[in-house]
Each structure stands twice: as structure tokens, then as C-alpha cells.
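Please open the model in a viewer and keep the selection panel at hand. The stops below are given in the order in which they may be selected.

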Amino acid sequence: NVAIGPAATPVTFANTFQVTPAVGVAIQGASLGDRAVITAKSKTGFTLQCFDNNNVAVARTTDWIARGF
């Protein structure tokens with residue numbers, strides 16, 4: 001459970017990857033039209049922001065997974 005505020009929120013990996021990993025995000029209890037936007041993806045983390053169906057930035061609780069080496 002990762003709380004994401006309406007502003008872009010940085011997420012830092014516990015360990016640095018050797019190459020930029022693939023990242024997947026799920027919004028818990030999402031409303032119809034909610035979407036998560038991942039930006040600034042790197043070997044050390046990424047930035048996450050959620051938007052509603054009106055393209056307004058919103059706070060949401062998310063889960064994420066990063067896969068790589």
C-alpha cells in the first residue's frame with residue numbers, strides 16, 4: 001500500500017537495479033476512468049501520479065511492482 005498524493009510522488013526502490021526495470025502499478029479501489037502515470041523511471045525509482053476521468057490529479061492508494069536485474 002503506497003499512498004500517492006495529488007502531486008507527482010517520487011518512489012525510490014530499496015535496491016538499485018542494474019538497468020531501468022519494468023514498472024507496473026495498480027490503483028486500489030479505483031473509480032471508473034482513474035489512471036496512473038509513471039514518469040522519470042530510472043534504475044533507482046520513478047515518479048507516480050494518479051488522475052481521475054476528468055484528468056484531474058487525485059490522491060489514491062496504489063500497489064506497484066518493479067521487475068528487472
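**First stop: Cys-50**

Select Cys-50 together with its surroundings. Leaving aside neighbours within four places in sequence, Cys-50 is in contact with Ile-4, Ile-27, Arg-35, Ala-36, Val-56, Ala-57, Val-58, Arg-60 and Thr-62, contact being defined as heavy atoms within 4.5 Å. The model is a predicted one, in which local features need pLDDT of at least 70 and side-chain atom pairs count only at pLDDT 80 or more, while totals for chains, interfaces and linings use all residues. Residues are numbered from 1 along each chain as its sequence is written, and side-chain values use heavy atoms, with hydrogens and water left out.

Strands are DSSP runs (E, at least two residues), numbered from the N terminus.

**The aromatic cluster**

Now display the rings of Phe-13, Phe-17, Phe-46 and Trp-64, which form one aromatic cluster. Rings of Phe, Tyr and Trp (its six-membered ring) pair if their centres lie within 6.5 Å; planes under 30 degrees apart count as stacked, over 60 as edge-to-face and the rest as tilted. The structure holds four aromatic pairs. One of them joins Phe-13 and Phe-17 edge-to-face, at 5.1 Å centre to centre and 80° between the planes; both Phe-13 and Phe-17 are buried. The ring centres of Phe-46 and Trp-64 are 5.5 Å apart and their planes stand at 80°, so this pair is edge-to-face. It links distant parts of the chain, with Phe-46 in strand E5 and Trp-64 in strand E7, 18 residues apart. Phe-46 counts as buried at 2% relative accessibility, whereas Trp-64, at 30%, counts as partly exposed.

**The sheet**

From Trp-64, move to its bridge partner, Val-25. Six bridges join E3 to strand E7 (residues 60-67), and the two run antiparallel; strands pair if DSSP finds at least two bridges between them. Finally, show the open sheet of three strands, antiparallel in the order E1-E7-E3. Strand E1 (2-4) and strand E3 (22-27) stand at the edges with a single partner strand each, so one side of each is left without a neighbour in the sheet.

Terms used
Helices (H or I, at least four residues) and strands (E, at least two) are DSSP runs, numbered from the N terminus. Buried means under 20% relative accessible area, exposed over 50%, partly exposed in between (1.4 Å probe, protein chains only).
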